[in-house]
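User: Please go through this model with me, taking the questions one at a time.
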Amino acid sequence: MVVDDDVDVLQTIKKYLVNNGFNVHAFSDGQSAYEHFRYFPKEHSLILTDIRMSGMSGFELARKANLVNPDVKIVLMTGFLIQMTEMAKVLPSIKVDGIIVKPITTTKLNELMQKHLLLDDNMEVIK
Amino acid sequence: MSKQVNSSSARHVMLLYETDDARLESVTSYITDALAKDDLAVYASVHADNALHISKITSKIANYNVNIEQGNLLILNIKNFYSRALAGDLEPFKDLKAFLEEMIRERIAAGKSGRIVVVADCADNLSKNKRFEECVYIERWWQDSYLEWSGKELKITVVCPHPSVILGKERYAQEKHQISHQHSLTVTALDR
């Protein structure tokens, strides 16, 4: 699941992931993403969300999604550098599995997918 | 005379400093004062990846490691903010703002102080490099943010150091005035 209220960014990320064989649901607002996730909590391996969106923020989406399915991996897109350990200390109520710093590049997306979805260099699932 | 700002009355502070030592003393005073009041202190620096710079800061903060572990102190690397500021891109700043607001919510929900003191030095470096137009643009954004927070009663104090060795020069008097005008308070750091 990819969530970003910048539609251009959203569609670009979705297109890249789809072209690499992923099944992607894209949402331009946190509330819609959460409503979908609530009904299909096992359908998504990973939620990639921008932190800053009008309405429900990426922080809130992460918090709520984790309550629905603690196993879903959550990656935040931010504009500043911060380590997960640092974020965990100042925002302990939010379980975050990764942070990706904007601007998002295909290299960063590849690393993200390989790290969190156990893929090899060819973007194939490691058995 | 330097005066520290009471974080219970949040401000957007322009901190003029003559020397790096004066800057260091004042910046760490803001941080340690915030920690003493159980506020969250954030040092957001374009030099956060400079080990020497950070060690000078951290060596003056009592119980540095404990405060980091307890989530009362955060050293944030905003190196990428500088190049974005030169391009007139506020997106990382807006993300930082959202992060600060989220941290306040989290702290209040946890029964902690809902006050934050942020020392941010992107504009400092813009001043140093005489990128005054970009500096005013960033400081105007910080001022707008401060006013928005004030309206929502969010107690976030932002401290922006600026070099008086540059801004104190007569030929930059107008630039100094423009930058100062984007703050709610201007103070001068003291060498101790």
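**Two chains and their interface**

Analyst: B:Asp38 is found in the loop between helix H1 (20–36) and strand S2 (40–45) of chain B, where helices (H or I, at least four residues) and strands (E, at least two) are DSSP runs numbered from the N terminus. This is a predicted model in which local features need pLDDT of at least 70 and side-chain atom pairs count only at pLDDT 80 or more, while totals for chains, interfaces and linings use all residues. Residues are numbered from 1 along each chain as its sequence is written, chains are lettered from A and ligands numbered from 1 in the order in which they are written, and side-chain values use heavy atoms, with hydrogens and water left out.

User: What is the phi of B:Asp38?
Analyst: B:Asp38 is a residue other than glycine, yet its phi is positive. The value is near 65 degrees.

User: What is the mean pLDDT of chain B?
Analyst: The predictor's confidence in each residue is given as pLDDT, from 0 to 100, and 95% of the residues of chain B reach 70 or more. For the complex, the predictor gives an ipTM of 0.90 and a pTM of 0.93. The mean pLDDT of chain B is 94.

User: What is the order of the strands in the open sheet of chain A?
Analyst: Two strands pair if DSSP finds at least two bridges between them, and S4 (residues 73–78) and S5 of chain A pair in the parallel sense over four bridges, with A:Val75 opposite A:Gly98 in S5(A). The open sheet of chain A has five strands with parallel pairing, in the order S2-S1-S3-S4-S5. Because strands S2 (26–27) and S5 (98–101) of chain A each have a single partner strand, one side of each lacks a neighbour in the sheet, and the edges are thus S2 and S5.

User: Which residue does A:Lys102 join through a cis peptide bond?
Analyst: The bond has an omega of about 5 degrees.

User: How much area do chain B and chain A bury between them?
Analyst: Counting contact as heavy atoms within 4.5 Å, 22 residues of chain B are in contact with 22 residues of chain A. Buried area is the accessible area (1.4 Å probe) that two parts lose on being put together, summed over both. Of this area, 58% is on carbon and sulfur atoms, and the total is about 1700 Å².

User: Which residue of chain A forms a salt bridge with B:Glu91?
Analyst: A salt bridge is a side-chain nitrogen of Lys or Arg within 4 Å of a carboxyl oxygen of Asp or Glu, and the rule finds six across the interface of chain B and chain A. The closest N and O atoms of the B:Glu91 pair are 2.6 Å apart. The pair runs from helix H5 of chain B to the loop between strand S3 (46–50) and helix H3 (58–68) of chain A, where the partner is A:Arg52.
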